[in-house]
Amino acid sequence: MKKEPKRFDMQKPPVRTKWFLRPVTYLLSAPDVRKHRAQIKKVNMEGIKPPFVMLCNHNAFLDFKVATKAIYPNRANYVVAIDGFIGREWLLRAVGCICKRKFTNDITLIKQLKRTVENGDIAMIYPEARYSLCGTTAVLPQSLGKLCKFLKVPVVTFICHGHHVDSPFWNLHFRGVKNTEAEMTCLFTAEDLEKLSYEEINEKLVEAFQYDEFAWQKEKSIRVTYEGRAEGLHKVLYQCPSCTTEFKMASKGTRLFCKACAKEWNLSELNELEALDGKTEFSHIPEWYEWERENVKKEVEAGTYNSGELKVHVDSLPNARKFIRLGNGTMIHNMDGFKVKGIDFDGDPFEMIKPVDSLYSCHIEYEYLGKYGDCVDLNTLKDTWYIYPEGEDFAVTKMALATEELYFAYRRRIGKPCPKGLA
């Protein structure tokens with residue numbers, strides 16, 4: 001009989017960081033904070049002390065280090081995805097991390113956060129739930145306003161600038177960006193939350209979370225001299241705006257190019273794109289990305305979106321020890337959502353179905369850990385699957401965009417459209 005793997009204990013209460021670990025976390029963070037000359041501006045924070053909720057944008061690992069400096073010497077419990085716990089569960093629990101499986105409705109997390117504020121500590125949450133793909137705001141969950149109102153403590157936003165420019169999700173090589181910035185703002189007091197509706201809270205949260213890393217870079221005239229700065233950008237910009245062909249984009253050095261029509265663009269030290277010949281369709285990276293989104297939206301509205309059946313291999317993460325190779329199979333992402341199925345190495349079938357209404361967004365990875373390739377990360381409350389398509393006729397970026405646009409279309413169809421910036 002097949003042995004069932006031990007599952008991560010999500011019910012275990014969050015640990016209050018031991019007094020002797022607080023200076024350790026600060027000292028471990030300090031070198032990078034100094035190296036990037038991180039400037040932290042505090043707004044409306046006079047008299048604001050824990051407990052409070054701290055909502056942070058998410059662009060790079062540097063986010064955590066700058067946040068650690070901003071709150072020191074106060075305690076915090078950080079919400080962290082399960083893959084962050086791999087091989088170091090004891091350490092992350094000891095410094096106050098709470099495990100979460102991405103894009104799942106988990107009542108246990110609410111209980112853990114409630115316990116955090118009852119302990120008099122900071123509940124540190126990254127509501128975008130993933131690194132930004134191109135340095136702009138990801139969709140926020142509509143439940144965020146309800147969570148803030150439920151916890152009944154001040155809500156502080158922590159918006160960092162420069163971290164994506166320094167180490168973009170599509171190429172994590174550090175660029176040595178200096179004079180990064182962060183704004184720590186008390187957006188709501190506990191008294192404010194009592195007076196405001198969920199919708200009013202969400203509206204202000206969406207407004208507070210608006211950012212554009214590349215616009216910030218240009219405004220500050222920060223130059224990136226790294227000679228491979230365009231490498232990996234084709235993972236995000238997967239569709240050629242000249243010939244509209246998908247999945248044929250590539251990059252090398254400072255060049256982005258289409259293998260179908262041979263058009264090329266240069267990425268400047270200010271991360272602006274310029275065509276080497278002919279029209280520059282998009283000089284601003286996020287504008288190209290949003291054009292791709294609009295094209296995906298058109299497919300969804302026409303009812304034609306379909307990834308086709310992709311061969312995949314699947315790794316499972318039932319606990320924080322290590323990934324377990326589940327087996328080989330197929331994945332389809334279409335108007336019905338995700339369907340993954342296959343046969344494991346014991347000859348038994350496995351399957352995960354994620355209908356459109358169950359997933360407002362999804363987590364993806366580019367060249368995971370530098371050796372495993374691009375993947376889609378799908379979760380249940382008990383397991384996490386990293387699903388790696390084979391071949392070249394796909395883009396996990398398109399699947400991420402389609403997941404959101406399929407969900408938005410579903411909400412419009414049932415007469416409950418999502419407010420802008422929310423899902």
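Author: In this predicted model, the lining of the largest cavity divides into eight nonpolar residues, one polar and three charged (nonpolar: Ala, Val, Leu, Ile, Met, Phe, Trp, Tyr, Cys and Pro; charged: Asp, Glu, Lys and Arg; polar: the others, Gly among them). A cavity is a set of points on a 1 Å grid over the protein atoms alone where a 1.4 Å probe fits but cannot get out, and its lining residues have an atom within 4 Å of a point. Residues are numbered from 1 along each chain as its sequence is written. Local features need pLDDT of at least 70 and side-chain atom pairs pLDDT 80 or more, while totals for chains, interfaces and linings use all residues; side-chain values use heavy atoms, without hydrogens and water.

There are three cavities of 30 Å³ or more. The largest holds about 80 Å³ of space, a volume being the space filled by probe spheres set on grid points joined across faces, edges and corners. Around this cavity stand Phe8, Asp9, Met10, Lys12, Pro13, Pro14, Val15, Arg93, Cys97, Ile98, Cys99 and Gln112. Strand 4 (residues 97–100) gives the largest share of this lining, three residues; strands (E, at least two residues) and helices (H or I, at least four) are DSSP runs numbered from the N terminus.

The second largest cavity holds about 50 Å³. It is lined by His333, Gly337, Phe338, Lys354, Pro355, Val356, Leu359, Thr403 and Leu406. At least two of its lining residues come from each of strand 14 (337–344), strand 15 (349–355) and helix 11 (396–413). By class, this lining has five nonpolar residues, three polar and one charged.

Conventions: 1 Å grid on protein atoms, 1.4 Å probe; cavity = no way out; pocket = protein on both sides within 12 Å on 5 of 7 lines; lining within 4 Å.
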